Amino acid sequence: MDTVFCKSGHAYNPEEHSTCPFCGVAVDLGDTRPYAPGGTLAPPAAAPSPGATRAENATPRRRPPADGETVHVWQKRLGGIDPVVGWLVCVEGPDRGRDYRIHTERNYIGRAATQDIAITGDPGISREGHAVLSFNPRRQSFRLGPGDSRGMVYLNDEEVMTPTELHAYDRIELGETRLLFVPFCGERFVWPTEPA
């Protein structure tokens with residue numbers, strides 16, 4: 001599939017992310033500009049057709065899985081959508097003010113765009129696997145663990161050496177970035193566990 005660009009010009013793969021993983025903004029899929037020679041963005045594509053229905057201009061769901069491809073249970077139960085279960089909000093660091101969606105099961109945190117939670121502006125964060133934030137849908141609980149990288153992970157100013165339970169508004173530190181944890185799922189809301 002072609003690369004998609006958000007309104008800020010960030011490139012990402014819509015098969016992996018429902019919105020821009022860099023700025024979290026909704027994406028206009030009519031803006032699928034390729035790179036022009038020299039690495040600059042080509043002029044914006046034409047706007048979606050004003051006469052088209054909302055469904056024709058809507059962001060598509062993830063593509064159907066190929067034979068043999070792994071699809072986790074909640075994505076399958078929700079028609080291809082990997083449901084959001086919480087957020088990380090950057091309160092200090094190069095990406096201050098941005099939010100990052102947390103999805104079910106394991107979320108790998110790193111600087112590379114291929115990570116589940118891509119914090120791209122902080123060179124102190126490892127490209128891949130700096131930390132792992134998991135959501136256990138059976139227990140409705142969140143945990144933060146160290147990744148496979150050399151970089152340290154701190155939770156409320158304490159070093160994280162083993163997976164540690166997260167609570168609302170806990171402070172997470174990676175590199176020069178400080179994040180606040182905001183849960184969505186828990187006591188007040190739970191995604192369905194039965195097939196739709």
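## Close-up views of a predicted model

Of the protein's 196 residues, 35% count as buried (under 20% relative accessible area, with exposed over 50% and partly exposed in between, for a 1.4 Å probe and protein chains only). This is a predicted model, in which local features need pLDDT of at least 70 and side-chain atom pairs count only at pLDDT 80 or more, while totals for chains, interfaces and linings use all residues. Residues are numbered from 1 along each chain as its sequence is written, and side-chain values use heavy atoms, with hydrogens and water left out.

**View 1. The protein has two helices and 13 strands.** Helices (H or I, at least four residues) and strands (E, at least two) are DSSP runs, numbered from the N terminus. Among contacts (heavy atoms within 4.5 Å) between residues at least 6 apart in sequence, 39% join residues at least 24 apart.

**View 2. Six strands form an open antiparallel sheet in the order β4-β3-β13-β12-β9-β10.** Its edge strands are β4 and β10 (158-159), each of which pairs on one side only. Two strands pair if DSSP finds at least two bridges between them. β3 and β13 are joined in the antiparallel sense over six bridges. E92 stands opposite R178 in β13.

**View 3. Five strands form an open sheet of mixed pairing, in the order β6-β5-β7-β8-β11.** One side of β6 (117-118) and one side of β11 (164-165) are left without a neighbour in the sheet, because these strands stand at the edges and each has a single partner strand. β8 pairs with β11 in the antiparallel sense over two bridges, and L144 stands opposite T164 in β11.

**View 4. β7 and β8 form a hairpin with four residues between the strands.** Strand β7 (residues 131-136) pairs with β8 in the antiparallel sense over six bridges. A131 has P146 in β8 as its bridge partner, and V132 has G145. Q140, in this hairpin, takes a positive phi near 55°.

**View 5. The largest nonpolar core has 23 residues.** Such a core is a set of buried Ala, Val, Leu, Ile, Met, Phe, Trp, Tyr and Cys residues joined through side-chain atoms within 4.5 Å. The residues that touch the most other members are L88, L133, L144, I172 and L174. Two or more residues come from each of β3 (84-92), β4 (99-103), β7, β8, β9 (153-155), β12 (171-174) and β13. Leaving aside neighbours within four places in sequence, L88 has contacts that include Y100, I102, I109, L133, I172 and F181.

**View 6. The second largest pocket has a volume of about 280 Å³.** On a 1 Å grid over the protein atoms alone, a pocket is an open set of points where a 1.4 Å probe fits, with protein on both sides within 12 Å along at least five of seven lines; lining residues have an atom within 4 Å of a point. Grid points are joined across faces, edges and corners, and the volume is the space filled by probe spheres set on the points. Of the 15 lining residues, Q140, P183, C185, G186 and E187 are the closest to the pocket's centre. β8 (141-146) and β13 (177-183) each supply at least two residues of the lining.

**View 7. P14 lies in the loop between β2 (11-12) and α1 (54-57).** P14 is buried, with a relative accessible area of 15%. The C-alpha atoms of P14 and T3 are separated by 7.2 Å, and these residues are 11 apart along the chain.
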